[in-house]
Structure formats: C-alpha cells, structure tokens
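Let's walk through this structure together, one meeting place between chains at a time. Keep the picture open beside you as you read.

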Amino acid sequence: MSSIPHDHATGHAEEPPHAHDDHAHGPHGGIMRWVTTTNHKDIGTLYLCFSLIMFFVGGIMALTIRAELFEPGLQIVHPEFFNSMTTLHGLIMIFGAIMPAAVGFANWMIPMLIGAPDMAFARMNNWSFWLLPPAVILLGVSFFVPGGAAAGGWTLYPPLSTQAGMGMDLTIFAIHIMGASSIMGSINIITTILNLRAPGMTLMKMPLFCWTWLITAYLLVAVMPVLAGAVTMLLTDRHFGTTFFNAAGGGDPVLFQHVFWFFGHPEVYILILPAFGIISSIIPTFARKPLFGYASMVYAVAGIAILSFIVWAHHMFTVGMPAAGLLFFMYATMLIAVPTGVKVFNWLATMWKGEMTFEAPMLFAIGFLFLFTLGGFTGLVLAITPVDIQLQDTYYVVAHFHYVMVAGSLFAFFGGTYYWIPKWTGTMYDERLGKLHFWGSMIFFNITFFPMHFLGLAGMPRRIPDYAQQFADWNMVASIGALGFGLSQLIFLYAVIKCIRGDGAKAPAKPWDGGDTLEWTLPSPPPYHTFETPPVIR
Amino acid sequence: MVRNKTGNRAGHRHLRTAFAAMLLGPGTALAALEWNLQTPVTPVAQQMYDLHAFIFWVCVVIFVAVFGVMFYSIFKHRRSVGHKAHQFHENTTVEIIWTVIPFLILLFMAFPATKTILAMKDTTGPGLTVKVTGYQWKWSYDYLQEGFGFYSNLTTPLAQIENRAPKGEHYLLEVDKPMVVPVDTKVRLLITANDVIHSWWVPAFGVKQDAIPGFVRDTWFRADKPGIYRGQCAELCGKEHGFMPIVVEVKSKGDYAAWVSAQKQNAAAAGDDPNKVWDPKDLIARGEKVFASNCAACHQANGKGVPGAFPALDGSKIVNGPEAAQVALLLNGRPGTAMVSWKQLSDTDLAAVITYTRNSWGNHTGESIGPALIKTARQ
Amino acid sequence: MSTHAESSDAAAARRRSANLRTALILLSIALVFFFGIIASKLIGDPTASLGVIGAAVLLYLVVAIGRNLRK
C-alpha cells in the first residue's frame, strides 16, 4: 500500500480550489464544475448535499405531521394535505434522502477503497445524479396542480391511487426518473467493483462497505424495474383504460400490493445494507481491532439479500391470504433474524476486548447497534402473523420502521459523515458539536418514536390526522420529541458547514489511528484524481 | 388499561401528563397512558395477546443479555481505562453457536404462532353471517339470514373535530348504528368494499381484515363478554380515513333476538313505496339527511366542494342541467375519480338527494324528482 | 502514465469493453424485470412468473460473483 503515486496529485493540490483551470484533469470553475463534472468525488459531494437538503425538506413535512398530531382535533392542516404530507414525507425520505446519501457515500468511497481511479462510467454517473433534481421538482410541482399532491401513502395502493388527481401522475413520473437514476447508479457501482479493483484487491479482501454496496446494487437492478413496472401499470390503468388493478375489469387491486412489496421488501434492505457497511468500517477503526468474522459478514449480507425476495407478503398479512401463505411468509420472515443476528454478534465481537475510544462516528455506530437491534426485535414481533394482525397499519409499525430507518440507516450515515468528512474536506469536524448532535439525536429520537410502540399496541391506526382521546398523551410526547429531533439536526448542518468552510483543525491523512483501509493512505483532502496508477495490495 | 377518560380535557393537562411520563418514566402509576394491547374478548384475540407477551419477554431477555455484553465491553475495553486491543478476528465455534441458537429460539416462537394462525383462518360453522362493506367513508352491515342491513356513520359532531366544542368520551369512536352481535356465537364476517381498500379492525376481537373492492374475504370472531367494542378503519382510504370508526355491540342472546325482531319491523315499516308521489318539501328534507351522510364529506355541506379536488354542486352545470344526466352520474359514478356509483342507495334516497341538490344553495331548478324516475333509469 | 502509452491504451480499451459487457448484462436484468412484471400481469399467474425471474437474477448474481472469486 506504500506505492501510491503522489507525483500527479501534488501538482494539483497546490491550486486554489476555485482556480479557472482548463487543464484536462482539473475541475471546471464555478457552477459549471458541478453541472459537467464526471469526477466521482464531485458527484459524491453532489449526492450528499442533495440528500441533506431533501432530509430537511422531508423533516419539515414530518414536523407538520407531528404538529397536527400534537393534540386531538384538527388544528393546522386539512386531512387531504395531511395525507399528502405522510405520502411525500415517505417518498422524499426514501428516494430523496436515504438512497442518494448511500449513493453519495458509494461514489466518494468505493473507488478510494478498492484503489480505482474513478467510477467505471463517469459520464453516466453525472447523468444519474442530474436526473434527481427534476424528479424532486416534479414532486414539488404536484402540490400546486388541481387535486394536490399524491395522498394515497407512499405505497400508492390502487384503487385509491387510481382515484387521485394529476398529482399522482407527476409522482409516477418522478418515481420513473428516480428509478432510472438508481438503476444507472447501481450498474455503475457493480461494474466499478467487479472490474476496477486494484491488483491484489480480491473480492474477499474488499472493505465490507464495498460488499454491502455490491449486493445492494444487485438488489436495486432487480427491483427498481419492478417498481417502475408497477407504477407504469398504475398509469395505464389511470389513463389508457387497462384494468390491471380494477376488479370491475377483471383485475385485482391486491396484485399491485404483491408487485409493490416484491420491490418494497428488498428496498428496505437497499436502505439498510450500505449502513451495515459503514458501521463495519467504523467499529473496527475505533475498537482498533480487525472486523470479527469478515467472511460470515459477507455471507450474512448475501443471505439477507436472498431472503428479502421471499418475504414480501408479510407487509400484507391482513389482505386475506390462505393459511399456507401466512405460514410460509411468517417462517421466511422469521429466518431473516438469523443472518441479522450474526451481523450484530460480529459487531459486538469486534468491540470485545478492543481498545475503544468514543468519538462521534463511534457514538453513532453504537447508537445504531443499540437502536437498530431494538427495531429488529419489533420486526420479529411483527413477523409473527397473529400478532401482526393486531399491529398491521398501526403506530407500532411506524415505530418499527423508524427504528430501522432513522436509528438504522440515518444514524449510520451520520456516523459515516463524521468518520470520512476529515478526508472529504481536509478539516476535522468539531468533536463537541458531533457529540452534542449524537446525544440530541439519540435522546429525542427515543422520545419521539418509543411511545409510538404503545400507541400502536393500544390501537392507533397510522395515517390518521386526528385520533381518539386515549391516544392523546403519547402523541403529545412524540410531537415534543420530534421537535427536539428536528432541532438537533441543525447542529449537524452547522458542523458540516464548518468543515466545508475549512473552519477547524486541519485533518491529517489518517485522522483515526485505527483506520487501515486505502483511503487513509491518501492526503486529506484527496487530490482531484487519485489512484490513476493502481496501488498494489499485498 | 383505563380507556374511559372523561372528555373535555384541556390541552395543558395533556402536556403535564406528557412531561410527567417523560420525566418519571414507566415506573410511575400513570393510569391515563396505554402500554399494551387492548383487553381481548375473543379466544383468538386472547391467543394473540399471550403470543405477544411471550415474544416480548423472549426479546427482553435476549436484549438484556446482548446489550449487557455490549455495555460491559464499552466500560471495560476502552482506551481510557488502559485496555489494549486483542487482535483476534474469527472463531468458527462461536460463529456456529450464534447462528444455531437464534434458529432454535425462532422454532419455539413459530410453534404457538402456527396454532393461532390455523385457528384464526378456520371460518367453518358460523352461528351468524354478516356482510360488512366499506365505503368512503363509512361501513355498512348486512344481516344476510335476517334480511336487513344498515349504514353505520360517525356521529362525532364537526364542532368537536374543529375544536369548537369540548370532545366527548368516545370522540371519533362513536357511530349512529353499531353492528350488533350475540355473545358466545361464532360470527362470520364477509368483508368487501365498494370503492377503495378499507380494513375492518376491532382490536378487542383480534380481527383485522382488509376490505377489497370486487372481492369478498371472510374472517370470524366469537365474543365472550357482552359490551361495546370500538375499532377503526386501518387502511388509508382517502381524506376521511380517520373518521370511519367501527362500533360493535355484543348483546346477550335474548337481547340480540329482541334487537333482530325490532330491526325487521323497522325495515318493513321503512320500506318505501317506489311509486309514492312525494311532497317536494318532504323529499328535500329527506335529501338533506342523505346528503349529509353520503355526499357532504367531499362536496361539503355548503355545496362548494373543495377546489381542485371535489367539484362544487352549488352552480354546477350537471346539477342545474337535464335531470337524466345527474341521475346517470349518481348511478354509474365517474370512473377514475372519487365519484363512485351510488346505486346501493334506495330509489327514494337517490330521488331525495337529487331533488335536494337541485333546490339548495344557489340552485333553484324547482324540479322534484320522484323515485319512479330512478327506478326506470336503473333498468 | 505516458511511458507505456501503447500498452496502457490497449489495457484501457480492454477495460472499457469489459465494463460495457458487465453493464449490458446488468441492463438486461433490469429490462427482464421491467417487462417481465408487466407481461406476467398480462398473461396471469404473477407468483410463478416472479419466481422464475427471481431465480434468473440469482443465477446472474451467483455466476458473476463466482467468476470474480476465482480471479
């Protein structure tokens, strides 16, 4: 790993960042740099900034929902708008915040982790990113068309979605565009990992982050077209007289749910697997020990991915399946606990007898481990069909998936940001702010989402703008927590902006003494082009 | 599990309880807060309740064990206490153990769950069959053997929802006509929907079944205890999704028989003569009621609709145009929009509501539509 | 970079065509799924069709990873 060429790199490192440089290997100046860039680091930055903006947009929607639910009765928004908020909050957080954030991490880190000069298809990379803003604009415009934005839930179940106004068409187009973007991004990532690894970097030597992304990208290539197909059929049902999902014409509304969740369940692993990869990078670094059970981690991820294709109907236990169907999907779903358990145990074993320190990335990794496992347990409770009958479509489910999506994916991305931002910007983040952000997020997250378990058990359905009196107290607790959680994220924004502005200690090439992957062999920030001559891995 | 709170509790009272809950934690006696599933009143719901309790405690034990280890490690194996890292990174025995043990635990969970699933799906031998239909946004119950049926609408006044009046004890969980069933009888439900997917859910019975338009699904329950049980629609079905509760009254067998015969008499008495010639005033008065319970959710009580989403009837071309077009629209609906077919309403109700819309707000056609016209249009 | 211009050009061309091959295979998976899901609806019995497509993709995955593992 000592043979990294610095000759080319140093020539550019001395240039001011905004130099108008038409040199073939340097960035364009000004805004055109970002529009025309084919550099994996620039595109990674674009993805991450985009997802941060979308995170706040989706967050404001979440706060609107929590504000309306602060007390029983209708106070702030109309029920239609409330439904649009829950729908768009879901779509934007999934397709606008978490997925692009994961792709941003992949763009920045995968070439550096495997010793590649860039992504395999640099221009397609640019295109995958620049498809996202138009998609989000379509979603934004949908608020202003007759009928308002889509209000049938992010799952878009017909016939409710066939009934909706033009906002639904815009949402369908937005999903098509975001799907195309994801598929291109995934093809790029798979090709990069399979073809561009440095000599000696065998698949089983790759950092686990690359493995989780390789498998995630396969899942994306397989299931995004399924979603595209489902919404295309929805579109033709709406406008071209087909009756795929209309019982009156011989269709079946439940078939949409089967197709949607055939996409939807792998999708939740698409959202969490890159997070697993980040956690698998952070924990060994701060425990100063190699990752425990590397091979079993890879097999566990592959196992989770394969199982994710045969469990989809656990999202629809209440549609009235035959007992055989219920049993099959219950057993398959319970099986997922095995590989997931293996991963959690491996992380714990990595920490065991280590030499741990607790900087912000490690705090978020531990927070992830703790809360994601809690979400895993509620997942197990929900897998038991008879219990799920009581809990399906209640706040218990809302609590469950926020434990795995927010405390899971999002916390891992926060941890990953603090972990790699010294590398990205060349400036250390403010440790005090990082810790404050962690504790704020951790405490308010639990105040927001823990009571939702009780609400769901007590019988509060999800997606309702108003509720009966017995749910009042816990809802108020949750709303207070949501406000605190939202405000805590401003700390993150501030800490990130400080790093980007270079306000902080200068980061050394390897700020974490436990880090032993390739990116730490590069200077911080890395030169615009890295590993043009591949490093040699023993 | 105290659910009967007196209504009209001021906001700051909630806030205080909420803060108390945050500060004092679960150890404190907070009767107002819910912690667990509702008290079951059917054998299946009881099994679900026990199953949840069982899995919950298994999870608690695993959670404490796993995170006990993690926190031990966090406190002992840290640099600040001078611990040095041991560089081990695999151990096949341990890895096999922690793959096999969870698998065995899962088997223990799957066994009782399987039994409950089989019990849950066994709808044979019912003592009573009721057809339940979900509409945007209300439920209807048809007693197929007895030959009568009725709609069940939310009765919570708008003033309570919009905070202009204190909220009642059963805020949002009260209806005009609850479903009534006898105690200790296996009741089979045939569940379907008229427009979009709904879901019929009564937590105390352990029954949640999606109502799917065009398809009939069945489920069952056998209530052990007379009483009034409340639930809600559990599948997002449009803007009034939060406002279509389910109320089931379980009566003793004698009371139930009395209720059935009263219902039969009412049904006979209320049967409208389709050829009756109505006084326009009576027809409009009846139409106003039909409008309020079927149409006002979208088109609004003032007939102005919701701009962009639901058209106004006040000044509408269809309402002020030829009557045949309006009759056809109500009977057939308009595909692809929220305007579904209303042919399930009686001829008299349809005639009444059409007459009402044609003679209300700014509409003054002066026409009165008789039930006979609807009857002809149906054919 | 410029010392072995010819051979590195040839290597770059080889790599480009390898990348293109990988991408086309992946694209074919995506297209199979997109049209497969709609076709299975038109024909009927979606669960069987889903199973067939799912098996096809897993096969792709196993073959692709297997080829690379040997490298």
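A salt bridge here is a side-chain nitrogen of Lys or Arg within 4 Å of a carboxyl oxygen of Asp or Glu. With that rule, 3 salt bridges are found across the interface of chain B and chain A. You can look up one of them: Asp513(A) pairs with Arg79(B), and their closest N and O atoms are 2.7 Å apart.

Before going further, a word on where the values come from. This is a predicted model, in which local features need pLDDT of at least 70 and side-chain atom pairs count only at pLDDT 80 or more, while totals for chains, interfaces and linings use all residues. Residues are numbered from 1 along each chain as its sequence is written, chains are lettered from A and ligands numbered from 1 in the order in which they are written, and side-chain values use heavy atoms, with hydrogens and water left out.

Now, which chains meet? Taking contact to mean heavy atoms within 4.5 Å, the most contacts among the 2 pairs of chains that touch are between chains A and B. Chain B and chain C do not touch, and their nearest C-alpha atoms are 17 Å apart.

Let's stay with chains A and B for a moment. Their contact takes 105 residues from chain B and 105 residues from chain A. Together they bury about 9100 Å², 69% of it on carbon and sulfur atoms; buried area is the accessible area (1.4 Å probe) that two parts lose on being put together, summed over both.

Finally, turn to chain C. Its contact with chain A takes 28 residues from chain C and 31 residues from chain A. This pair buries about 2800 Å², 81% of it on carbon and sulfur atoms. How many salt bridges are there between chain C and chain A? The count is 0, while 3 residue pairs are in polar contact, both at pLDDT 80 or more.

Methods. Polar contact = N/O pair within 3.5 Å; in protein donor to acceptor, adjacent residues only side chain to side chain.
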